[in-house]
Number of protein chains: 2
Amino acid sequence: MPNGTESTAETRRLLLAGPDFALDAVDPRSTPGFDGGKKEGAAALAAGADTLASLQEKLFAESRAGSDIAVLLILQGMDTSGKGGVVRHVVGQVHPQGVQHYAFKAPTEQEQQHSFLWRVRRQLPAPGMLGVFDRSHYEDVLIHRVRALSPAEEVEKRYRAIRTFEDQVVGAGTRVVKVMLHISQDEQKARLAERLDRKDKFWKYSPDDIEDRALWQQYQEAYQVAVERTSTPDTPWYVVPADRKWYARLAVQHLLTATLEDMQLSWPRASFDVAAEQERLHSS
Amino acid sequence: MPNGTESTAETRRLLLAGPDFALDAVDPRSTPGFDGGKKEGAAALAAGADTLASLQEKLFAESRAGSDIAVLLILQGMDTSGKGGVVRHVVGQVHPQGVQHYAFKAPTEQEQQHSFLWRVRRQLPAPGMLGVFDRSHYEDVLIHRVRALSPAEEVEKRYRAIRTFEDQVVGAGTRVVKVMLHISQDEQKARLAERLDRKDKFWKYSPDDIEDRALWQQYQEAYQVAVERTSTPDTPWYVVPADRKWYARLAVQHLLTATLEDMQLSWPRASFDVAAEQERLHSS
């Protein structure tokens, strides 16, 4: 997976959750499309930064010229799967003015009085922005199924509601990139142990994490069903093996780059007479 | 200006707009506190990244443990003074999840129906966040004075309203760092010429920029008065010479670092029994 248009499109093809998707067939330690190790992966991530940043700047520039297009990256995964690291190391490569990041927590009382998509609509990226959801409306089918927070029929309805909602989002000009960071139960154990071992990581740990961990298999099933029901040609899921952090970051960088490349962005034409403005400036 | 607590505090001392502040005594090409050139400046900026990122993460972590503290960076300056570059190269050094960036444009019709501070309050950073204002409520005294968009008495009242408002913000736990990026008229001419010379920069240019440029001296006076009236011990202004982009970025990095150092941030203690959780994890 060297950099360039071909390789980013190849990553996308390899990680796409198509009609026959089976989560248990994805090895969390694998690195599809990339032969190198950690060092080469970090170098490739750094090498792709300028391309990603430049594409994002074009997206932003087009919005200034009146375009409605935007990109929404949805990040899902078990605790410690590396969502924050992807934000730091991939989203952090683009200009902060073009990023709209939102971390969804358990819904507030006010939010609970509305449909589960109400609070999501309010966080959709504005034109020109790269929106990033750290967790999302998918929690409303994942945790709700696993912990039976809603009746099964309600969860079933929500898959449809999500498809309709995401179609509207795409119809309004926003590309949606849905990423599941897929880690193994052993890797999670090691990462949680690190959080309990370092004073500077305590704040990232919650005793609830162990309760969710006990429901590992149920969560895997819930992800399998959610991906099956909501991976469509316009709003596909990508399942990214995430036991190796460097790989997950590089893969998401490729997914974003490939998405932006597809949009055939270009620098807006001047909305003024360039020569005349040069003359005005000269005399100023 | 090597890195370290002393040097960041020294930058702050050198750039502070105190009671005798005179804008016309600040040389936009100067580099207070730093003897090196562009190359050394870029190296120093890179060297300070981890310190800034780590301080910001502590700020964020403290908010998760219930703290209300935040930081607000207000960036002002003439067109092309480098506000966007500071955001890209300094704010871009910290985790995007901890950044709340907002670019103020001319007020909308809805916004005009409210006090000039109404829309500003809505964008104040949440606890734990580094808020960044690209332009701000200071436009409501700067441009309003220069272009007489409001009567002189109204502008006069606004300085007081701003002081009261910012005192409230500080009282609620947010440190306010106000930065004026100070460029020369010649440097602006060169930067605008570049925008007119490059297809990938047209979108950043507006014919209005030339009209503002014609009012250069009036803007300088408006800045002088605004800084005089609103630079207080708790909400000081820093005037950063900005003809050299590398210096302006390094200086703002130092200002943010010094501010965060002052807050004596620390990693939150565990809100759980660490040994008990390690045992639970082990058995999971």
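User: Which residues does A:Glu139 touch, not counting residues up to four places away in sequence?

Analyst: With those sequence neighbours left out, A:Glu139 touches A:Gln76 and A:His144. Keep in mind that this is a predicted model.

User: Thanks. Where does A:Glu139 lie, and is A:Glu139 buried or exposed?

Analyst: A:Glu139 lies in helix 7 of chain A, residues 139-146. Its relative accessibility is 15%, so A:Glu139 counts as buried.

User: Which residues are linked with A:Glu139 in a network of salt bridges?

Analyst: The network of salt bridges links A:Glu139 with A:Asp79 and A:Arg135. As a rule, side chains of opposite charge can pair when their charged atoms come close.

User: How many salt bridges does the structure hold over all chains?

Analyst: Over all chains the structure holds 30 salt bridges.

User: Okay, take helix 1 of chain A. How are A:Glu10 and A:Arg13 placed in that helix?

Analyst: A:Glu10 and A:Arg13 sit 3 residues apart in helix 1 (residues 5-15) of chain A, so about one helical turn separates them. They form a salt bridge, with 3.1 Å between the closest N and O atoms. A:Glu10 is partly exposed at 33% relative accessibility, while A:Arg13 is exposed at 55%.

User: Moving over to chain B, what does B:Arg147 form with B:Asp212?

Analyst: A salt bridge, in which the closest N and O atoms are 2.8 Å apart. This pair links distant parts of the chain, 65 residues apart: B:Arg147 is in the loop between helix 7 (139-146) and helix 8 (152-171) of chain B, and B:Asp212 is in helix 10 of chain B.

User: And is B:Asp212 buried or exposed?

Analyst: B:Asp212 counts as buried, at 16% relative accessibility.

User: What about B:Arg229 and B:Glu156, where do they lie?

Analyst: B:Arg229 is in helix 11 (residues 216-230) of chain B and B:Glu156 is in helix 8 of chain B, so the pair ties together parts 73 residues apart in sequence. Their side chains meet in a salt bridge at 2.0 Å, N to O. B:Arg229 has a relative accessible area of 31% and is partly exposed; B:Glu156 is partly exposed too, with 32%.

User: While we're in helix 11 of chain B, is B:Trp216 buried or exposed?

Analyst: B:Trp216, which lies in that helix, is buried, with a relative accessible area of 7%. Leaving aside neighbours within four places in sequence, B:Trp216 is in contact with B:Met78, B:Ile183, B:Ser184, B:Gln185 and B:Gln188.

User: How far is the B:Trp216 C-alpha atom from that of B:Ala251?

Analyst: Those two C-alpha atoms are separated by 24 Å, and the residues are 35 apart along the chain.

User: Which strand do bridges join to strand 5 of chain A?

Analyst: Strand 4 (residues 174-182) of chain A is joined to strand 5 of chain A by 5 bridges, and the two run parallel. One bridge pairs A:Met180 with A:Val239.

User: Last bit, the interface. What area is buried between chain B and chain A?

Analyst: About 4,000 Å², with 65% of that given by carbon and sulfur atoms. On the chain B side, B:Arg88, B:Trp203 and B:Leu281 supply 18% of the area buried against chain A, more than any other three residues. The contact takes 44 residues from chain B and 44 from chain A.

User: How many salt bridges are there between chain B and chain A?

Analyst: The count is 4 salt bridges. In one of them, the side chains of B:Lys204 and A:Glu57 meet at 3.8 Å, N to O. There are also 18 residue pairs in polar contact across the interface.

User: Which helix gives the largest share of the side of chain B that touches chain A?

Analyst: Helix 13 of chain B, with 6 residues. By class, that side of chain B has 21 nonpolar, 9 polar and 14 charged residues.

Key. Residues numbered from 1 in each chain as written. Chains lettered and ligands numbered in written order. Predicted model: local features only at pLDDT ≥ 70, side-chain atom pairs only at ≥ 80, totals over all residues. Heavy atoms only, no water. Contact = heavy atoms within 4.5 Å. Buried area = accessible area lost by both parts, 1.4 Å probe. Polar contact = N/O pair within 3.5 Å; in protein donor to acceptor, adjacent residues only side chain to side chain. Helix = DSSP H or I, 4+ residues; strand = E, 2+ residues; numbered from the N terminus. Nonpolar A, V, L, I, M, F, W, Y, C, P; charged D, E, K, R; others polar. Pairing = 2+ DSSP bridges. Buried < 20%, exposed > 50% of the residue type's maximum accessible area, 1.4 Å probe, protein only.
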